[in-house]
Amino acid sequence: MLFRSGYYRSAIIIAKSDLSPKIPELKDKCFAFGSRYSTQRHLIPRYMLEQEGIFLKDLKKHLFTESHWECAQAVINGETFAGGIQDTLAFQLEQDGYVTIIALSDYFPRSGIAVNPDVPEAITEKVKAALLALDPPGSHKQVLKDWSKTEMPGGFTGAGANIFCWLMMKKRL
């Protein structure tokens, strides 16, 4: 299990079994996504499926759940064959013997923070510097209680050019 500060991956999971299908084998199966508006639980897993030639019309059925945990439960309980969830929960559920991870996405920047254009640039830069300086797993661990349970356990990172490509794909879906 490898984490990169400020980034996450999505995982496609199946219930724990001896089978380890590849993404193309999910065609004609039931698939659980998270919220329709979630990047990590919908857009990235959907993109992963599409990269392997599987579109929503190719699935027997798909459904949207309200949380990573509900999506995982749909898979574990057999309501769906596979689902897309956050990497940290997927690693924990696999370690506990409940699921098998069959695919991991590329790394994507974690939750974005937007700035109102009326905020002076000097303030924007100071806030950005402060957020980027946070070290939740290291020197700030004692101050940031339970930070490891958040969507950003490794802290913040600056957005690179890849986020713009991602936003264009997100607009398409």
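T157 is partly exposed, with a relative accessible area of 30%. The model described here is a predicted one. T157 sits in the loop that runs between α4 and α5 (162-172). In sequence T157 and Y7 are 150 residues apart, yet their C-alpha atoms are 7.5 Å apart in space.

I123 belongs to helix α4 (residues 121-133). Together with V115, V119 and V127, I123 makes up a nonpolar surface patch, and the four have about 310 Å² of accessible area together. Why does I123 count as partly exposed? Its relative accessible area is 46%, and partly exposed covers values between the 20% limit for buried and the 50% limit for exposed.

The two residues compare as follows.

| Residue | Location | Relative accessible area |
|---|---|---|
| I123 | helix α4 (residues 121-133) | 46% |
| T157 | loop between α4 and α5 (162-172) | 30% |

In soluble globular proteins, nonpolar side chains tend to be buried together. Here the largest nonpolar core holds 16 residues, of which I12, I23, L26, F31 and L49 touch the most other members. At least two residues of this core come from each of β2 (10-15), β3 (30-33), α1 (39-51) and β6 (99-104). The most is given by α1, with three residues.

Which residues does I23 contact, leaving aside neighbours within four places in sequence? They are I12, M48, L49, E52, I54 and A103. Another core lies apart from the largest one; it has 14 residues, including A72, V75, L89 and A90.

Conventions. Residues are numbered from 1 along each chain as its sequence is written. This is a predicted model: local features need pLDDT of at least 70, side-chain atom pairs count only at pLDDT 80 or more; totals for chains, interfaces and linings use all residues. Side-chain values use heavy atoms; hydrogens and water are left out. Patches are made of residues with over 30% relative accessible area and no salt bridge: like charges are joined within 9 Å, nonpolar side chains (Val, Leu, Ile, Met, Phe, Trp, Tyr) within 5 Å. Accessible areas come from the Shrake-Rupley method with a 1.4 Å probe; for residues, only the protein chains shown count as cover. A salt bridge is a side-chain nitrogen of Lys or Arg within 4 Å of a carboxyl oxygen of Asp or Glu. Helices (H or I, at least four residues) and strands (E, at least two) are DSSP runs, numbered from the N terminus. Buried means under 20% relative accessible area, exposed over 50%, partly exposed in between (1.4 Å probe, protein chains only). A nonpolar core is a set of buried Ala, Val, Leu, Ile, Met, Phe, Trp, Tyr and Cys residues joined through side-chain atoms within 4.5 Å. Contact means heavy atoms within 4.5 Å.
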